[in-house]
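Take a moment to turn the model around on your screen. We'll start with some helices and then move on to the ligand.

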Amino acid sequence: MVISLIGKKALVGGSSRGIGLAIAEQLAASGASVTLMSRSKEKLKNLIDHLSTDKGQKHQYLAVDFTDFKGYQEILERYFEKNSIDILINNTQGPEAGGALEKRVVDYQQAFDLLFKTVVFTTELALEQMQKNQWGRIINVASISVKEPLSYLALSNSIRAAVVTWAKSLSFDVAREGITVNNILTGYFDTERIAQLNAKKAEKLGVPQAEVRSTMENQVPVKRIGDPKEYGYLVAFLASQQASYITGTNIPIDGGLLKSL
Ligand SMILES: NC(=O)c1ccc[n+]([C@@H]2O[C@H](COP(=O)([O-])OP(=O)(O)OC[C@H]3O[C@@H](n4cnc5c(N)ncnc54)[C@H](OP(=O)(O)O)[C@@H]3O)[C@@H](O)[C@H]2O)c1
């Protein structure tokens, strides 16, 4: 099987590093023209020069802040006036860590705005052209926490569950138009986010960070943390024509970590 995304246009959230960047790199390597999106304008400007262009791909970037919804809305509306996309990767930064007793209503509202509101808004804009083209791929970066909530991540556990349920509902409505909607249930991947969460946990428990990391590795049946490149391969497949019969589903990528079926 050869995965070709030649001629397709993708918009990838949170793509200056980590999982988002690995997805953008793989989509570009498979032939798609990619628009990167994050806060770091200079970084994004440099990164687009490193994405693959051997199949005539043209890459762009958008400097946005997901926590400033009004500003985000304006930038995205302007972008969609001149651009259309075939593949939307909804990826935002994760919400603050912490247990349920530590979080207040205002924290849940902020997490909702970050993880849910921006995703639904971006999808609405992207869908218009996808529906005209009768082809589209909407892929949400979610977490294994929607199946098995993780301790100390109350905000993520709560709001991501809403995202995947919304995605399932949307998948029913657009299925006959050649548009698939899927969620990826992310296990542990080697990114800055994981390093930050581990540092916080190490401080809380009063143990070295390396110990937190090796405990994490040992929890995973394959005994390692995932390489973001492996994530990119899954997304490139889901974005391809070959994945047209896969929709409305949650796909774990976790080295076997989830115990539930
Ligand atoms: N890594 C894991 O093991 C893991 C596990 C489960 C779930 N996840 C989830 O997967 C997603 C990606 O995780 P990751 O590990 O790749 O995170 P990461 O390494 O921290 O990368 C986050 C990305 O989001 C961008 N970003 C951060 N704040 C932003 C803002 N306010 N506005 C716009 N862009 C912003 C960052 O770029 P700038 O700083 O340039 O803005 C960066 O490109 C997160 O939602 C995370 O919770 C990750």
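**Helices side by side**

Helix H3 passes helix H4 in a right-handed crossing, where right-handed says that the near helix is turned clockwise from the far one by less than a right angle, and left-handed that it is turned anticlockwise. Before going on, know that this is a predicted model, where local features need pLDDT of at least 70, side-chain atom pairs count only at pLDDT 80 or more, and totals for chains, interfaces and linings use all residues. Residues are numbered from 1 along each chain as its sequence is written, and side-chain values use heavy atoms, with hydrogens and water left out.

Back to our pair: H3 covers residues 69-82 and H4 covers residues 105-133, and they pack at about 15° with their axes 11 Å apart. So H3 is roughly parallel to H4, a label for angles under 35 degrees. Helices here are DSSP runs of H or I with at least four residues, and strands are runs of E with at least two, numbered from the N terminus. Axes are lines fitted to C-alpha atoms, for helices over the stretch in contact, and angles run from 0 to 180 degrees between N-to-C directions.

H4 also meets helix H5 (residues 154-174): their axes come within 9 Å and cross at roughly 20°. That makes H4 roughly parallel to H5, and this crossing is right-handed too.

Now for the ligand. Which residues come nearest to it? Of the 28 around it, they are Ser40, Thr92, Arg160, Phe189 and Thr191; a residue is near if one of its heavy atoms lies within 4 Å. A polar side-chain atom of arginine 39 lies 2.8 Å from a ligand oxygen atom, and a backbone N or O atom of phenylalanine 66 lies 2.9 Å from a ligand nitrogen atom. Helix H6 gives the most to the shell around the ligand, with three residues.

Terms used. A polar contact is a pair of N or O atoms within 3.5 Å; within protein, one must be able to donate a hydrogen and the other to accept it, and residues adjacent in sequence count only if both atoms are side-chain atoms. Angles under 35 degrees count as roughly parallel, over 145 as roughly antiparallel, 65 to 115 as roughly perpendicular and the rest as oblique.
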